[in-house]
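Colleague: I would like to go through this model with you, one point at a time. Please show it first.

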Amino acid sequence: MFSPWRSEEMIKAILFDFDGVIVPIDAEIKRQMKQTIINQLSVSAVMTREQARKRVERALKESEYDEEYFKLQDAAIKTGSHDKSTINSLFHALSRRRLPRIQKKIVGMLCNLRKRALTLGIVTLSSNERIEQILKDTGIREYFCFVESAAGEFQKDLRSEWKTAAYKNFLDKYSLQGYEVLCVGDSFSIDLQPAIDLGMQTALIVDNCHAEIQQQQKSLANYTLPRNMLPSILMALSKNN
């Protein structure tokens, strides 16, 4: 099911992506986004809803992204239903209306990791306003020493560059070496490749449904684990430090 933890350098800090890692992307938000894309496409391209649905489904299938939100964003842009700004605004509006539910085991994991003196951080492409509101509303802001977020308005090839800069800021702020940090994300190219380039250890979060897409990436990350095993495995890892 997952790559076993290997004994490497002591981990002093953990950097998390946010959506899809700390907070699952709400299935209802994804459904509403997809439905809105279909509805808008049927109007703007003057086609039936069934034709619009098939075109969106094809765009989702052909998307090179492995993370669900970016698949939807990519499909919206490529079908012409929305531009990047409006599809991001839609996601943020839907997110504000539906407070994400953070699993109790995730909260317990964060609490225990902090008790074990690990420095915890979040680096996300989502907007600062949205992230800070969710952290406050869910009561987990206190566990994170470092939160760096963006507006999400990046070309694909610039997202990894922004993450690289944010990771460097984290290393510098806490006087850490790359090998002392574990970076946890669900997108290899956006979350983990910049971390690998800086010498960090990496953990790729996968869903079973994405196993085929992510198979070639699993061997590149230090660790690969199913989403539902994140709390138990990170706790086991911290015990060995």
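Colleague: Is Lys12 buried, partly exposed or exposed?

Modeller: This is a predicted model, in which local features need pLDDT of at least 70, side-chain atom pairs count only at pLDDT 80 or more, and totals for chains, interfaces and linings use all residues. Residues are numbered from 1 along each chain as its sequence is written, and side-chain values use heavy atoms, with hydrogens and water left out. Buried means under 20% relative accessible area, exposed over 50%, and partly exposed in between, with a 1.4 Å probe and protein chains only. Lys12 has a relative accessibility of 39%, so Lys12 counts as partly exposed.

Colleague: Which residues does Lys12 touch, not counting those up to four places away in sequence?

Modeller: Lys12 lies in the segment before strand S1 (13–16); strands (E, at least two residues) and helices (H or I, at least four) are DSSP runs, numbered from the N terminus. Contact means heavy atoms within 4.5 Å. On that basis, the residues touched by Lys12 are Ala117, Leu118, Thr119, Leu176 and Glu180.

Colleague: How are H1 and H3 oriented to each other, parallel or antiparallel?

Modeller: Axes are lines fitted to C-alpha atoms, for helices over the stretch in contact, and angles run from 0 to 180 degrees between N-to-C directions. Angles under 35 degrees count as roughly parallel, over 145 as roughly antiparallel, 65 to 115 as roughly perpendicular and the rest as oblique. Helix H1 (residues 27–44) packs on H3 at about 5°, with the axes 10 Å apart. H1 and H3 are therefore roughly parallel.

Colleague: Which residues of H3 meet H1?

Modeller: From H1, the contact takes in Lys30, Met33, Lys34, Ile37 and Leu41. Their partners in H3 are Glu68, Tyr69, Leu72, Ala76 and Thr79.

Colleague: And what is the orientation of H2 to H3?

Modeller: Helix H2 (residues 49–62) packs against H3 at an angle of about 125°, and their axes are 9 Å apart. That angle makes the orientation of H2 to H3 oblique.

Colleague: Is Ser81 buried or exposed?

Modeller: Ser81 sits in the loop between helix H3 (68–79) and helix H4 (84–97). Leaving aside neighbours within four places in sequence, Ser81 is in contact with Ile37, Gln40, Leu41 and Ala76. The relative accessible area of Ser81 is 8%, so Ser81 is buried.
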